[in-house]
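Subject: Structure handover

Hello,

Here is the structure for your files. Notes on its rings and cores follow below.

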Amino acid sequence: MSSSSSTSAPRSSRTSSPASSGAGCHENATPRDEPMNTSDTTHPGDPWAGTELPRHIVRDAAGAPVLTHALSTREGRPWADLAWRIPHVDATHCADVLLAALRGWALSTDDEALAGALIARGARVVRHAHSYSRDLRAAPAPVAWSTPETPGGYQLTAVNRSAEALAPLLLKAYPPGHPDHSGWTPEEARNEVARILAGELLGPLLPCSGLALEGDTVVGACLVTLREGSPPHGGPWVIEVYRNPAPRYAGLGAALLRRALWLSTQAELPALSLVVSDGNPARRVYERLGFQHVGSSRTLELPT
Ligand SMILES: CC(C)(COP(=O)(O)OP(=O)(O)OC[C@H]1O[C@@H](n2cnc3c(N)ncnc32)[C@H](O)[C@@H]1OP(=O)(O)O)[C@@H](O)C(=O)NCCC(=O)NCCS
């Protein structure tokens, strides 16, 4: 989960994958104010209309709407997130319109037919991801999670360390071969963590975020922010969770998540959500902790 987070999860879920963007539980999204090549209204039946994010419409040369989406920026590119093809618009026609109207953009969608048509026309898949959410109103965290056991008795605390202390572990947790390996330099990793801590990436850091400490050393982190939009595809969001990869720390990530779920329940947050890249075994940890799969999507880069 790192880099800006938006996963386009279909109606039934959402995420982003960092072949090129170091990201774990999110993609690095920066909301955009100015629509490009799109108009800013919505369309009847749009399943994403309830996300509280402004929707934009892309039209073909005849002025007929072909697609709606939320607008942000991903790694410097304009990004059509949560893209939804208008019913009865042929996927190939939609793809042809998008390649002309959104040249060089990123686009996330759960629409397999549209993704396939875009890929056939030269779009590159940069992430295939799955969205998860635990509804804390329907399924509050149990009291036992107020003091989760940790594998080696490590101390779980609030986030009381700087980006400098958290960043080296972030690089260690996403080694080459990990589906979310970023290829970041230490400086880039530090900047990423600094932006998360400062609330610059996906909303302000929430107090249910936590660290695992071994003495004075950070051996795990769970960073939760308040994304724009509402659950399960916005709202309280696990933007990062990672631990020291050495086997003796196994279970530490789940302990930090239990703590976050408990504190979120106490704070009356509606849900905790996240996105995980396809192929990341962390997915099973989330399922064991009661996160429900709410959708899957692909993020594509459209040719310039
Ligand atoms: C996600 C994470 C915090 C979970 O921590 P945890 O609760 O301690 O859980 P573990 O890492 O022990 O186990 C998670 C699963 O990954 C598997 N796993 C862990 N390390 C692995 C490795 N190097 N290679 C393959 N599988 C691995 C475990 O066997 C386990 O699978 P299981 O559920 O079938 O038993 C931790 O795996 C991590 O830091 N991963 C790297 C960063 C990451 O991917 N973060 C999540 C982004 S969405």
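Ring pairs join Y132, Y286 and F291 into a cluster; rings of Phe, Tyr and Trp (its six-membered ring) pair if their centres lie within 6.5 Å, with planes under 30 degrees apart called stacked, over 60 edge-to-face and the rest tilted. This is a predicted model, in which local features need pLDDT of at least 70 and side-chain atom pairs count only at pLDDT 80 or more, while totals for chains, interfaces and linings use all residues. Residues are numbered from 1 along each chain as its sequence is written, and side-chain values use heavy atoms, leaving out hydrogens and water.

By the ring rule there are 3 aromatic pairs. One of them, Y286 with F291, is edge-to-face, at 6.0 Å centre to centre and 70 degrees between the planes. Both Y286 and F291 are buried (under 20% relative accessible area, exposed being over 50% and partly exposed in between; 1.4 Å probe, protein chains only).

Y286 and F291 are also among the residues with the most contacts inside the largest nonpolar core, which has 31 residues. Such a core is a set of buried Ala, Val, Leu, Ile, Met, Phe, Trp, Tyr and Cys residues joined through side-chain atoms within 4.5 Å. Its largest share, 8 residues, comes from α5 (helices, H or I, of at least four residues and strands, E, of at least two are DSSP runs numbered from the N terminus). A second, separate core of 30 residues includes V66, A70, C94 and L107.

Regards
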